[in-house]
Amino acid sequence: MSEKKAAPWLRIYAVLAYVYIYLPILILIVFSFNSQKLNIRWEGFTLRWYGALLRDQEVLLAARNSILIAVVSTLVATVIGTMAALALQRYRFPGYTLAESTLYIPVIIPEVVMGISLLAFFAQAGFQLGLGTISLAHIAFNIPFVTLVVRARLHGFDKAIEEAAMDLGANEITTFRRVTLPTILPGVMSGALLAFTLSLDDYVITYFTAGPGSTTLPLRVFSMVRFAVTPEVNALSTLWVLTIFIILGIGQLAQRRQSKAF
Amino acid sequence: MASNRLKSFTKSLRENPQSQGLALISPTMLYLLVFMIMPLLLVVILSFLSRGPYGNVIYKFNLQNYLRLGDSLYLRILGFSVTTATLTTLASLLIGYPLAYYIARAPAKQRSFLLFLILVPFWTNFIIRIYAWIMILRTEGLLNTTLLNLGLIKVPLDILYTPTAVFIGMVYEFLPFMVLPLFTSLEKIEFIQLEAAADLGAQPWRAFLRVTLPLSVPGMIAGSILVFIPAMGMFVVPDLMGGAKTVLVGNLIRNQFLTARDWPFGAAASMVLLIGTLIVTLLYARRAGLGEEVLV
């Protein structure tokens with residue numbers, strides 16, 4: 001679109017819209033430094049709630065569980081999902097359309113339905129609910145997202161380069177390692193980043209597939225929020241927003257470097 | 001022997017691109033078959049069974065669960081869910097459109113930063129975002145204390161734990177889902193078309209109505225799907241902000257599975273939700289062509 005200056009009313013509107021989006025989050029952050037326990041009025045600056053958070057065993061355990069699940073599900077989903085992206089982008093095979101539409105299922109299905117279906121399935125199949133079932137569920141919803149992202153990046157990748165490498169005497173493994181992988185790596189990385197964040201963030205599906213002792217961070221935050229409005233939740237939220245900001249910032253920078261490289 | 005077989009297998013893979021493709025896609029298909037399709041089929045089957053006296057499942061085919069959903073109580077819940085999801089979609093479209101338009105027209109350098117600012121809350125955990133609004137809306141919250149201090153109200157407003165609070169929370173949750181596809185769609189519009197319209201003497205608002213707005217319909221549709229579907233299945237916002245009065249289909253399903261332990265009935269409600277959202281998606285998608293807008 002054009003780079004003409006926007007009309008004044010539109011600029012004012014945009015400022016207001018960003019205030020609307022950020023004011024609640026800013027309030028949340030400011031009150032994480034509030035010394036008043038009831039968190040109603042501003043009393044004074046403190047870091048006490050951050051200290052309390054770091055000593056909160058349940059929060060620490062939940063964080064550990066969340067990271068564990070996110071790492072495992074990201075690794076598996078990225079490998080499997082990248083393979084699927086390669087298959088869909090570069091090959092034609094029987095059942096192609098079926099495969100393509102199957103990958104849309106988790107995008108268009110309400111999360112609660114996926115949650116209860118996995119709960120019913122795990123119960124019927126005799127799985128013990130816990131970290132394992134949560135990870136299996138996260139892999140399932142992550143694969144399609146990885147495939148979509150990697151596939152979008154594969155678009156326009158010239159197969160002739162690979163053929164040239166083979167003609168020059170490189171075998172499949174060398175070609176994959178030296179030609180294909182470096183080209184698709186940025187796409188794979190952003191797919192993995194997406195999977196990691198989705199997993200870390202998921203509440204609904206985790207809620208239905210978790211068992212005793214497998215509380216994740218979103219589940220923990222939910223029960224804290226439900227219980228009371230305390231500054232400790234604000235501290236946890238602040239750290240979370242900060243983490244997301246950093247992860248996204250890294251992603252943004254990587255993207256910029258990649259677009260420069262081309 | 002085994003190595004020979006492996007060699008002939010890799011040889012056939014090398015020479016046959018079709019089996020290469022199949023080999024690459026099969027792990028995904030197998031995984032989704034087991035952990036997505038089979039669970040969904042199980043829900044279909046469950047929805048035709050009935051609940052035993054101890055919350056167990058009785059394997060006798062019947063339509064009782066679906067008939068029960070016709071009760072006025074459940075019809076009201078369904079209607080309320082459709083209304084809430086529709087209003088949420090409309091509100092985020094109205095709020096999001098000018099914003100997406102502004103970002104799409106901003107200079108390229110600012111554009112990526114403005115977009116980044118939309119992405120941060122999008123990726124911030126949604127329970128945290130609900131919590132922020134609870135802090136603002138509760139009786140002794142910031143909104144009430146501010147209004148009381150300004151003398152605008154004498155008694156605190158009871159907004160939290162009402163359907164209004166659920167609506168406010170949902171719009172805030174889903175706004176980025178609307179802005180991103182709208183932006184993708186608006187960014188693609190070539191200035192040259194608008195210029196042509198202007199050259200032909202069109203007023204700016206006319207050019208907008210005749211050119212920009214129709215060209216951004218795919219983004220509006222994609223955004224609406226992305227907001228409507230999760231809004232229909234939502235149970236967390238009503239849980240935290242709606243109090244006991246606000247029950248959406250999502251809450252109904254959750255309760256049947258976890259508290260009432262009537263899985264067959266919950267499964268039937270899930271099927272209704274699933275088919276309803278599928279129909280809406282297909283109707284929309286047919287009009288727009290489910291394009292990259294949906295995939296953010």
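Figure 1. In chain A, 80% of the contacts with a separation of 6 or more are between residues 24 or more positions apart. Keep in mind that this is a predicted model. Chain A has 12 helices and zero strands, so if you walk along its sequence you simply read α-α-α-α-α-α-α-α-α-α-α-α. Its C-alpha atoms fill a box of roughly 70 × 60 × 30 Å along the principal axes. Of its 262 residues, 42% count as buried.

**Figure 2. Helices H8 and H9 of chain A crossing each other.** Here you're looking at H8(A), residues 159-167, and H9(A), residues 172-201. Their axes come within 10 Å and cross at roughly 145°, and the crossing is right-handed. Who does the touching? On the H8(A) side, look for Ile161(A), Glu162(A), Ala165(A) and Met166(A); on the H9(A) side, look for Thr175(A), Val179(A) and Thr180(A). Sorted by class, that gives four nonpolar residues, two polar ones and one charged one.

Figure 3. Find Ala14(A) in helix H1 of chain A, which covers residues 8-31. Is Ala14(A) buried or partly exposed? It counts as partly exposed, because it has 19 C-beta neighbours inside 10 Å and being buried takes 20 or more. Skip the neighbours within four places in sequence, and Ala14(A) is in contact with Leu99(B) and Tyr102(B). Now look for Phe127(A), which sits 113 residues from Ala14(A) along the chain: the C-alpha atoms of these two are separated by 50 Å.

**Figure 4. Where chain B meets chain A.** In this view, 72 residues of chain B are in contact with 70 residues of chain A. Which helix gives the largest share of chain B's side? That's H2 of chain B, residues 17-46, which supplies 20 residues. Chain B's side of the contact divides into 54 nonpolar, 12 polar and six charged residues.

**Figure 5. Helix H13 of chain B, mostly covered.** This helix runs over residues 249-258 of chain B, and eight of its 10 residues are buried.

Note on methods. Residues numbered from 1 in each chain as written. Chains lettered and ligands numbered in written order. Predicted model: local features only at pLDDT ≥ 70, side-chain atom pairs only at ≥ 80, totals over all residues. Contact = placed C-beta atoms within 7 Å. Helix = DSSP H or I, 4+ residues; strand = E, 2+ residues; numbered from the N terminus. Nonpolar A, V, L, I, M, F, W, Y, C, P; charged D, E, K, R; others polar. Buried ≥ 20, exposed ≤ 12 C-beta atoms within 10 Å, placed from the backbone. Axes fitted to C-alpha atoms, helices over the stretch in contact; angles between N-to-C directions. Left-handed = near helix turned anticlockwise from the far one by under 90°.
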